[in-house]
2 protein chains.
Amino acid sequence: MVSKNQKKLIKSLYQKKYRKQYGLFVAEGKKVINELLEEGVKLYSLFTIEDIFDVDQASKYIVTEEELKQISFLTTPQIVLAVFYIPYNGGIEERGLILALDDIRDPGNLGTIIRLCDWFGIKDLVCSMQTVDCYNPKVIQATMGSITRVNINYVDLKSFLTTKAKEFKVYGTFMEGKSIYKEQLSENAILIMGNEANGISESIQNFVQDKVTIPQFGINKKTESLNVATATAIVLSEFKRS
Amino acid sequence: MVSKNQKKLIKSLYQKKYRKQYGLFVAEGKKVINELLEEGVKLYSLFTIEDIFDVDQASKYIVTEEELKQISFLTTPQIVLAVFYIPYNGGIEERGLILALDDIRDPGNLGTIIRLCDWFGIKDLVCSMQTVDCYNPKVIQATMGSITRVNINYVDLKSFLTTKAKEFKVYGTFMEGKSIYKEQLSENAILIMGNEANGISESIQNFVQDKVTIPQFGINKKTESLNVATATAIVLSEFKRS
């Protein structure tokens, strides 16, 4: 059974404001929930059609398909939905490669980028305040559980870059930048990726010390740009390959 | 006005079987339609709220927002929808890098991969018969118009590889492959990317001469895999960067 209050709580967690207020977020699907449990993210409640999860009985609710449909955010609900406590955020490391996102709006893009950070061992992901919330259910689905292994901070990007620009070399991607394939890439670096439609905003551009680009091949050269998630994949690969 | 017959035709084009039967496909949005027109793709009919397109009057229909909503495949319809003739497909080149997809099912992934081919100057994209149809409306949206600049062939992948394996070096991505960063990559090559859930199918694996992988970094190494579109981005970048 799902009580009226539970239903109300879960529905409210679709909005960032309530996720912040309650310190809770929703994840759906066996795979993602399993990963979050394994990583030690604290469970608040679990609603499942099949009794397959070995979690505290008090927080587990066996529900019908119909009930799950009523609380799910997915068009095709999985067999299980869970509410987790938003984990404590550890602060930013002092060295290595930091990825900074300037107003990424698409939850699928942010999810893919978090998964890429996990793959490439990027510990710190810094997001501007206008970047989509990483506990948005669509982001959670797209990360496939890797969200627990990346340290995500929402900051005022300008202040962040003001304090960090001395210790780190700041890179940004621009259509007119220098070929990323030919640059000597610093190990202690901040890489800025910009908004889907507008790229890196003007006030942030001033902090960029090295403008790089992914060269375009072929005769046509008509593709306007790469999707920000695929561009991030290529640039992170370049930073790590050497 | 949109007639009843037009409505029926457009709705039917959501299905591959009717796209094949009529030789038509649907595209939505100013940007995508503009690109298709510019590339010389033949227009069948255009339904628009604003009279902004300089096309044959006989094929242009000014419609209301409500009418557009009725024929659109999008949750948030754009101001224009067009029906195009599926262009004639030119056959496969004899040299260079060919990308082969083994049962890619997600339209967004195929769209991103087509856009990547365009960016990296890959002329030939070969798809297994089980790969999602490239004229699927969701693929068309994701390609952002680059579909006209990539030569896409649906083939029996086994027969294709049987005839081509002598002239081309065949690469495939596998979790246990050799680091893509360290391989000498051949210029005349076929690169196979596998299905989202299952990777490269067993019957196709036999054709792979060189198994490659994108190395994973960091201490955890728990990310199971990269999304196929981001993995394709990184591997194509490696083929082209040298």
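Predicted model: local features only at pLDDT ≥ 70, side-chain atom pairs only at ≥ 80, totals over all residues.

Biologist: OK, zooming out. How much area do chain B and chain A bury between them?

Modeller: About 3,300 Å², with 57% of it on carbon and sulfur atoms. The contact takes 34 residues from chain B and 34 residues from chain A.

Biologist: Which residues in chain B lose the most area to chain A?

Modeller: B:Trp119, B:Phe217 and B:Arg241. Together those three make up 25% of what the chain B side buries. B:Arg241 is also one of the H9(B) residues that meet H9(A).

Biologist: How many salt bridges are there between chain B and chain A?

Modeller: The count is two. A:Arg241 forms a salt bridge with B:Glu238, and the closest N and O atoms there are 2.7 Å apart. Both A:Arg241 and B:Glu238 belong to the H9(A) and H9(B) contact as well.

Biologist: And how many salt bridges over all chains?

Modeller: The structure holds 22. Among them is A:Glu39 with A:Arg149, where the closest N and O atoms are 3.0 Å apart.

Biologist: Where do A:Glu39 and A:Arg149 lie?

Modeller: Both are in loops of chain A: A:Glu39 between helix H3 (30-38) and strand S2 (43-48), A:Arg149 between helix H6 (137-143) and strand S7 (151-155). The pair therefore ties together parts that are 110 residues apart in sequence.

Biologist: Nice. Switching topic: how do H5(A) and H9(A) cross?

Modeller: The axes of helix H5 (residues 107-119) and helix H9 (residues 228-241) of chain A come within 9 Å and cross at roughly 15°. That makes H5(A) roughly parallel to H9(A), and the crossing is right-handed.

Biologist: Which residues make that contact?

Modeller: On H5(A), A:Asn109, A:Thr112, A:Ile113 and A:Leu116; on H9(A), A:Val228, A:Ala229, A:Thr232, A:Ala233 and A:Leu236. By class, the contact has six nonpolar, three polar and no charged residues.

Biologist: What about H5(B) and H9(B), at what angle do they pack?

Modeller: About 15°, with the axes 9 Å apart. H5(B) is thus roughly parallel to H9(B), and the crossing of H5(B) and H9(B) is right-handed. The H5(B) side of the contact is B:Asn109, B:Thr112, B:Ile113 and B:Leu116.

Biologist: Last one, B:Asn227. Where is B:Asn227 found?

Modeller: In the loop between strand S10 (210-213) and H9 of chain B.

Biologist: And what is B:Asn227 in contact with, leaving aside neighbours within four places in sequence?

Modeller: A:Arg115 and B:Asn109. B:Asn227 and B:Asn109 are 118 residues apart in sequence and 8.5 Å apart in space, C-alpha to C-alpha. B:Asn109 also takes part in the contact between H5(B) and H9(B).

Conventions
Residues numbered from 1 in each chain as written. Chains lettered and ligands numbered in written order. Heavy atoms only, no water. Axes fitted to C-alpha atoms, helices over the stretch in contact; angles between N-to-C directions. Helix = DSSP H or I, 4+ residues; strand = E, 2+ residues; numbered from the N terminus. Parallel < 35°, antiparallel > 145°, perpendicular 65-115°, else oblique. Left-handed = near helix turned anticlockwise from the far one by under 90°. Contact = heavy atoms within 4.5 Å. Nonpolar A, V, L, I, M, F, W, Y, C, P; charged D, E, K, R; others polar. Buried area = accessible area lost by both parts, 1.4 Å probe. Salt bridge = Lys/Arg side-chain N within 4 Å of Asp/Glu carboxyl O.
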